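Have the sequence and the 3D view open side by side.

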Amino acid sequence: MHMAETKPAAGAAPRVVKCPSCGAGVEWIPENRHRPFCSARCKGNDLGAWATEKYRVAATEEPHPEDQSE
Ligand SMILES: [Zn+2]
């Protein structure tokens with residue numbers, strides 16, 4: 001009885017992630033300094049959005065009851 005198993009060689013190809021900004025495929029390699037982003041532009045865009053979100057202040061108007069005592 002002879003069983004021949006053929007397994008594909010895995011581990012050679014770099015992991016590919018999606019750019020959070022534009023959704024493009026990005027190779028997860030040390031050479032890619034902008035990962036998980038595809039480029040510096042996408043990285044900057046995301047940071048910009050972050051800053052915008054950070055500076056957004058939710059205006060909460062609290063009704064103050066009037067105290068009138070005579
Ligand atoms: Zn991108």
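With 18 C-beta neighbours inside 10 Å, does Cys19 count as buried, partly exposed or exposed? Cys19 counts as partly exposed, because it has 18 of those neighbours; buried would take 20 or more other C-beta atoms within 10 Å, exposed means 12 or fewer, and partly exposed is in between, with C-beta atoms placed from the backbone. Before going further, keep in mind that this is a predicted model: local features need pLDDT of at least 70, side-chain atom pairs count only at pLDDT 80 or more, and totals for chains, interfaces and linings use all residues. Residues are numbered from 1 along each chain as its sequence is written.

**The overall layout**
- The chain has 1 helix and 2 strands; these are DSSP runs (helices: H or I, at least four residues; strands: E, at least two), numbered from the N terminus.
- Starting at the N terminus, the order is β-β-α.
- Of the 70 residues in the chain, 4% are buried.
- Take the contacts with a separation of 6 or more: residues 24 or more positions apart account for 8% of them. Two residues are in contact if their C-beta atoms, placed from the backbone, lie within 7 Å.

**Around Cys19**
- You'll find Cys19 in the loop between β1 (16–18) and β2 (25–27).
- Leaving out residues up to four places away in sequence, Cys19 touches Ala24, Val26, Pro36, Phe37, Cys38 and Cys42.
- Cys42 sits 23 residues from Cys19 in sequence, and their C-alpha atoms are 7.9 Å apart in space.

**Pro36 and its peptide bond**
- Pro36, one of the residues that Cys19 touches, is in the loop between β2 and α1 (40–55).
- The peptide bond joining Arg35 and Pro36 is cis, with omega at about 5 degrees.

**Val16 in a strand**
- Val16 belongs to strand β1.
- Val16 counts as exposed because it has 11 C-beta neighbours inside 10 Å.
- Val16 touches Gly25, Val26, Glu27 and Trp28, again not counting residues up to four places away in sequence.
- From Val16 to Val26 is 10 residues in sequence and 5.3 Å in space, C-alpha to C-alpha.

**Asn45 in the helix**
- Asn45 is part of helix α1.
- Asn45 has 15 other C-beta atoms within 10 Å, so it is partly exposed.
- Asn45 and Ser21 are 24 residues apart along the chain, with their C-alpha atoms separated by 7.3 Å.
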